Amino acid sequence: MDVAFYGHTRQYSNLKEELDAAILSVLESGKYVMGPAGAKFEAELAEYFGTKHAIGCNSGTDALWLVFMALGIGPGDEVITTTNTFFATAEAIWIAGAKAVFVDSRRDTNNIDPDLLEAKITPKTKAIVPVHLYGQAAEMDKIWAIAEKHDLFVIEDCAQAIDAKGDTFELCEKSDALCTSFIIQKNLGTFGDSGGIVTNRDDIKERITAMRNHGSYERSHHTYGFNSRLDDIHAAVLSVKLKYITAWTDRRIEIAKRYDAELADCGLTLPTKLPGYRHVFHLYVVETEKRDELLTFLNDNGIDAKTHYPIAIHQQNGFPWGKDTDMDICTPNAEANAAECVSLPMFPELTDDEVDCVIAKVREFCGK
Ligand SMILES: *Cc1c(COP(=O)(O)O)cnc(C)c1O
């Protein structure tokens with residue numbers, strides 16, 4: 001049996017009638033950009049996160065740099081984040097003109113290590129961008145406390161963690177903003193690209209609403225801005241899918257529990273879930289020094305496993321903070337994560353038989 005890494009077409013088939021109707025109604029409305037479907041989804045997203053505002057945009061990457069620019073973060077400023085994340089986190093800092101400063105991650109959760117954070121703060125530091133990697137929230141209580149002490153902005157990169165929760169906190173509860181992505185492979189994804197920002201700050205909402213639309217606060221009047229709007233067709237799709245996100249997460253957690261239980265004796269490092277946290281398993285990542293061998297074995301046996309992310313950002317060629325710079329980067333945990341990660345198939349539409357098949361093949365590789 002072959003097992004795919006994504007279930008995009010299955011999800012579409014399951015919701016075909018509802019999605020087709022939603023898309024058709026936008027087509028028939030004649031309102032495709034900044035129309036009612038967009039406004040409706042933004043209201044639903046804000047309600048879902050329990051924030052005052054939500055603003056749609058073109059991508060998760062845009063969401064991040066729109067927030068940075070709205071906060072006036074730019075040349076000469078430093079933004080603290082992690083290096084074991086998708087490239088876009090640092091890319092967005094670079095687009096804003098600021099410098100990414102990398103703090104190491106915890107070796108167990110792979111999220112930013114709050115205990116190492118303060119040492120990286122300089123007079124140039126403006127913000128902290130914790131990434132909720134693989135679907136588990138970073139330790140926001142500790143991060144908010146540090147940010148408050150040093151008067152820094154906090155912007156959450158939640159591209160992988162919609163529906164996640166901490167033990168004592170909600171996402172974006174005390175942050176300036178939270179950015180997310182709705183590209184199809186994320187836990188809540190449309191048939192293409194888009195992204196969103198949620199915030200409790202009126203000034204950020206007002207600034208980004210204009211910035212994403214050519215800096216226009218009023219028709220024919222412009223300040224600097226960009227074109228990064230959320231199309232109404234995508235918004236309509238996302239309105240349909242948002243209703244299912246909790247059920248989809250629950251299914252992801254159920255699959256993760258089976259992987260946890262049945263791979264426990266395989267000698268692999270399984271995902272660490274912090275007590276009380278809701279880990280939404282955007283990715284189920286095991287770690288092993290035999291990363292390449294496991295990956296090849298699974299792929300040769302029809303299991304579409306992948307790696308997230310095999311090259312830490314600071315080790316990418318040709319990037320401003322790449323290998324050749326003299327920046328002081330000490331991130332052994334992030335580098336170990338990059339060297340050892342293997343993502344097993346994980347999506348809500350996986351069947352129990354497919355989960356069995358993945359488990360059997362991983363066990364076979366491990367000699368069990
Ligand atoms: C996907 C992702 C992004 C970027 O989102 P896009 O919509 O692809 O631009 C940013 N950060 C993280 C952690 C991601 O996983």
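Q: Which DSSP runs count as helices and strands, and from which end are they numbered?
A: Helices are DSSP runs of H or I with at least four residues, and strands are runs of E with at least two. The model discussed here is predicted. Both kinds of element are numbered from the N terminus.

Q: Between which two elements is the loop that holds Asn110?
A: Asn110 is not a glycine, yet its phi is positive, near 70°. Its place is in the loop between strand S3 (99–102) and helix H6 (114–117).

Q: Does Asn110 count as buried or exposed?
A: A residue under 20% relative accessible area is buried, and one over 50% is exposed. Asn110 has 5% relative accessibility, so Asn110 counts as buried.

Q: Ser220 has a positive phi too; is Ser220 buried or exposed?
A: The phi of Ser220 is about 75°, although Ser220 is not a glycine. Ser220 lies in the loop between helix H8 (202–211) and helix H9 (232–242). Its relative accessible area is 60%, so Ser220 is exposed.

Q: What is the distance from a polar side-chain atom of Asp157 to a nitrogen atom of the ligand?
A: Thr61 and Gln160 each have a side-chain N or O atom by an oxygen atom of the ligand, at 2.5 Å for Thr61 and at 2.9 Å for Gln160. For Asp157 the ligand atom is a nitrogen, and the distance is 2.7 Å.

Q: How much of the area that the ligand exposes when taken alone does the protein bury?
A: The side chains of Thr61 and Gln160 both have an N or O atom by a ligand oxygen. Taken alone, the ligand exposes 380 Å². The part of this area that the protein buries is 93%.

Q: Which residue's side chain is joined to that of Thr249 by a polar contact of 2.6 Å?
A: Thr249 is found in helix H10 (residues 245–262). Its relative accessible area is 1%, so Thr249 is buried. The partner in the 2.6 Å side-chain contact is Asp163.

Q: How far apart in space are Met1 and Asp352, C-alpha to C-alpha?
A: Met1 is found in the segment before helix H1 (8–14), and at 56% relative accessibility it counts as exposed. Met1 and Asp352 are 351 residues apart in sequence, while their C-alpha separation in space is 12 Å.

Q: What distance separates the C-alpha atoms of Ile208 and Ala90?
A: Ile208 is found in helix H8 and is buried, with a relative accessible area of 0%. Ile208 and Ala90 are 118 residues apart along the chain, and their C-alpha atoms are separated by 20 Å.

Methods. Residues numbered from 1 in each chain as written. Predicted model: local features only at pLDDT ≥ 70, side-chain atom pairs only at ≥ 80, totals over all residues. Heavy atoms only, no water. Polar contact = N/O pair within 3.5 Å; in protein donor to acceptor, adjacent residues only side chain to side chain. Areas by Shrake-Rupley, 256 points an atom, 1.4 Å probe, with all protein chains shown as cover. Buried < 20%, exposed > 50% of the residue type's maximum accessible area, 1.4 Å probe, protein only.
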